[in-house]
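Work through the following exercises with the structure in view. Try each task before reading its solution.

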Amino acid sequence: MLEVRGIDSFYGAAKILRGVSLSARAGEVVALLGRNGAGKTTTMKSIMGLVRPRAGTVRYDGRDITGQPPHLVCRAGLGYVPEERRIFKTLTVQENLTVGERPARDGAPFWTVERLFALFPNLAERRRNPGGALSGGEQQMLTIARTLMGNPSLVLLDEPSEGIAPVIVEQMARVILQLKGEGLTVLLSEQNLHFARLVADRACVLEKGEVKFEGAFADLEADPEIGARYLAV
Ligand code: ATP
């Protein structure tokens, strides 16, 4: 479904990604793993058209979307939740969601505000509160929920467990598994194995902009060398 082949991406003259290839099949949860600065965010931005790769291709659903502007990438069915939470602080939780509303899409789950409140009960309880009054973890949930309002068939989640309380981390893992159950494809980035272990079918390990491992999560776990060398464990 998502097929990234040999992408090189730069910031100015600095080469950040070196021939990155990875894939995600429909309905799969793929973890993009690697230490701080390994290139996870740059990979996601390169897929979303926020950074234009200088070499390689990004294909989605059989279409070449390499370097397309982000709004067209979204239209193709991709939703992106960046690391920094992007909510409207003065709008209520419910208003934050309606802002993201888009028409239904073939082959993707269709979300309404009420369906999302069923998925995120914490947000339902706070539906009339301003977004800015939520905790960090709840703001993270709200960002994900708002992205889902666009009815994507694949979501990219940049470090969804970053900086949130352990109890929320578990809820986050449950949400991701429920999204998978709805048929959504998920690509998430993560610095350590603990969260990824809860949700991922497959893993792709990056170091210094290069892919060091791609395969089943179980195979990654079977080789402790990889974790010790490339990940924070
Ligand atoms: P993190 O966990 O910190 O988000 P990451 O694996 O997502 O790590 P990236 O954010 O993709 O890593 O960064 C990869 C490299 O690119 C790092 O060396 C970083 O310093 C550099 N970099 C990131 N953004 C820029 C930028 N806007 N300009 C120049 N260099 C950048």
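**Exercise 1. The sheet**

In what order do the 6 strands of the open sheet stand, and what kind of pairing do they have?

Solution. The model is a predicted one.
Step 1. Reading across the open sheet, the order is β6, β7, β8, β3, β9, β10. The pairing is mixed.
Step 2. At the edges are β6 (78-81) and β10 (210-216); each has a single partner strand, so one side of each lacks a neighbour in the sheet.
Step 3. On average, neighbouring strands of this sheet are turned by 15° against each other, direction ignored.
Step 4. V29 has V186 as its bridge partner in β8.

**Exercise 2. A helix on the sheet**

Find which strands helix α6 touches, then check the length of α6 and how far it is covered.

Solution. 
Step 1. Helix α6 (residues 136-148) packs on the sheet and touches β6 and β7 (154-158). The direction of α6 makes about 165° with that of β6.
Step 2. With 13 residues at 1.5 Å a residue, α6 should span 18 Å. The C-alpha atoms at its ends are 19 Å apart, which agrees.
Step 3. Of the 13 residues of α6, 12 are buried, so the helix is mostly covered. Among them are G137, E138, R146 and L148.
Step 4. The partners of these buried residues are β6, α3 (93-99), α4 (113-119), α5 (121-125), β7 and α7.

**Exercise 3. The nonpolar cores**

How many residues does the largest nonpolar core have, and which of them have the most contacts inside it?

Solution. 
Step 1. The largest core has 47 residues, and L33, F120 and L148 have the most contacts inside it.
Step 2. Helix α7 (residues 166-181) gives the largest share of this core, with 7 residues.
Step 3. Return to L148: leaving aside neighbours within four places in sequence, its contacts are W111, L116, L119, F120, V155, L179 and L184.
Step 4. As background, nonpolar side chains tend to be buried together in soluble globular proteins.

**Exercise 4. Three residues compared**

Decide whether S161, R202 and L177 are each buried or partly exposed, and list contacts for each.

Solution. 
Step 1. The cut-off for buried is under 20% relative accessible area. At 14%, S161 therefore counts as buried. S161 lies in the loop between β7 and α7.
Step 2. Not counting residues up to four places away in sequence, S161 touches V169, E190 and F195. With E190 there is a polar contact between side chains (3.0 Å).
Step 3. R202, in strand β9 (residues 202-207), has 9% relative accessibility and so counts as buried.
Step 4. The side chain of R202 makes a polar contact with that of E214 (3.5 Å). A polar atom of the R202 side chain also lies 2.6 Å from the backbone oxygen of S23. Beyond four places in sequence, R202 touches a set of residues that includes A24, E28, V30 and F217.
Step 5. L177 is in helix α7 and, at 38% relative accessibility, counts as partly exposed. Leaving aside neighbours within four places in sequence, L177 is in contact with L198 and V199. The C-alpha atoms of L177 and A200 are separated by 8.9 Å, although these residues are 23 apart along the chain.

How values were computed: Residues numbered from 1 in each chain as written. Predicted model: local features only at pLDDT ≥ 70, side-chain atom pairs only at ≥ 80, totals over all residues. Heavy atoms only, no water. Core = buried A, V, L, I, M, F, W, Y, C linked by side-chain atoms within 4.5 Å. Buried < 20%, exposed > 50% of the residue type's maximum accessible area, 1.4 Å probe, protein only. Helix = DSSP H or I, 4+ residues; strand = E, 2+ residues; numbered from the N terminus. Contact = heavy atoms within 4.5 Å. Pairing = 2+ DSSP bridges. Axes fitted to C-alpha atoms, helices over the stretch in contact; angles between N-to-C directions. Expected span 1.5 Å × (residues − 1). Polar contact = N/O pair within 3.5 Å; in protein donor to acceptor, adjacent residues only side chain to side chain.
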